[in-house]
Amino acid sequence: MHAEAAVPPADAEEAERVAAARDGDQVAFAALYRDHVGRVHALCQRLLADRALAEDLTQEAFVKAWHQLGSFRAEARFATWLHRLTVNTVVSYQRRHGPWLSWLRDGPTGPEPTDPASPAARLDLEAAIARLPVRARQVFVLVDVEGYSHEQAADALGIAVGTSKAQLHRARQLLRETLS
């Protein structure tokens with residue numbers, strides 16, 4: 001007798017919500033939003049190190065998700081698809097606005113020096129990650145926090161695999177210095 005693999009109830013429920021949302025059901029999409037907004041916002045916050053911009057791009061990612069839901073083929077989990085769409089949204093934004101973002105945040109002379117010996121700097125990993133240079137932070141978040149391979153991170157960021165590895169090494173080294 002052939003036994004069919006049971007679909008976990010949470011996955012089946014999400015699949016139903018996705019199908020309904022694809023058909024234009026805004027209530028179903030609102031439920032998907034509630035289920036995933038925290039993780040999407042956390043990812044944006046880590047990649048951007050800017051709370052207000054992370055909130056804006058979280059919303060932009062969900063707007064894109066609503067418009068592109070028809071392209072979701074359910075070959076992977078919805079969360080995986082949404083995660084990728086979010087990374088692409090942030091990276092695309094940074095490519096369009098990157099130089100200006102750095103200048104506005106850090107000023108024309110560069111970032112303010114921080115005292116790596118301060119207790120706050122040593123204890124606050126999120127703040128230390130936020131202070132990393134943009135590319136190093138992106139690679140660190142994707143590879144060490146989100147579990148991407150170097151190949152996946154390089155593809156998402158439009159860089160070479162070797163660059164991904166070098167930027168991860170740089171990020172880890174800077175974090176060690178900051179947190180030691």
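Residues are numbered from 1 along each chain as its sequence is written. In this predicted model, local features need pLDDT of at least 70, side-chain atom pairs count only at pLDDT 80 or more, totals for chains, interfaces and linings use all residues, and side-chain values use heavy atoms, with hydrogens and water left out.

Helix H8 spans residues 150-157, and its residues His150, Ala153, Ala154, Ala156 and Leu157 are buried, that is, under 20% relative accessible area with a 1.4 Å probe and protein chains only. These residues lie on the same side of H8, because they cover an arc of only 165 degrees around the axis. Just after H8, Gly158 has a positive phi of about 70 degrees.

| Pair | Angle | Axes |
|---|---|---|
| H7 (residues 134-145) and H8 | about 135 degrees | 9 Å apart |
| H8 and H9 (residues 161-179) | roughly 105 degrees | within 8 Å |

H8 is therefore roughly perpendicular to H9, a term for angles of 65 to 115 degrees. In this pair, His150, Glu151, Ala153 and Ala154 of H8 meet Val161, Ser164, Lys165 and Leu168 of H9.

H7 passes H8 in a right-handed crossing, and the contact (heavy atoms within 4.5 Å) is made by Arg135, Gln138, Val139, Leu142 and Val143 of H7 with His150, Ala153, Ala156 and Leu157 of H8.

How values were computed:
Buried means under 20% relative accessible area, exposed over 50%, partly exposed in between (1.4 Å probe, protein chains only). Helices (H or I, at least four residues) and strands (E, at least two) are DSSP runs, numbered from the N terminus. The arc is that of the directions from the helix axis to the C-beta atoms. Axes are lines fitted to C-alpha atoms, for helices over the stretch in contact, and angles run from 0 to 180 degrees between N-to-C directions. A crossing is left-handed if the near helix is turned anticlockwise from the far one by less than a right angle, and right-handed if clockwise. Angles under 35 degrees count as roughly parallel, over 145 as roughly antiparallel, 65 to 115 as roughly perpendicular and the rest as oblique.
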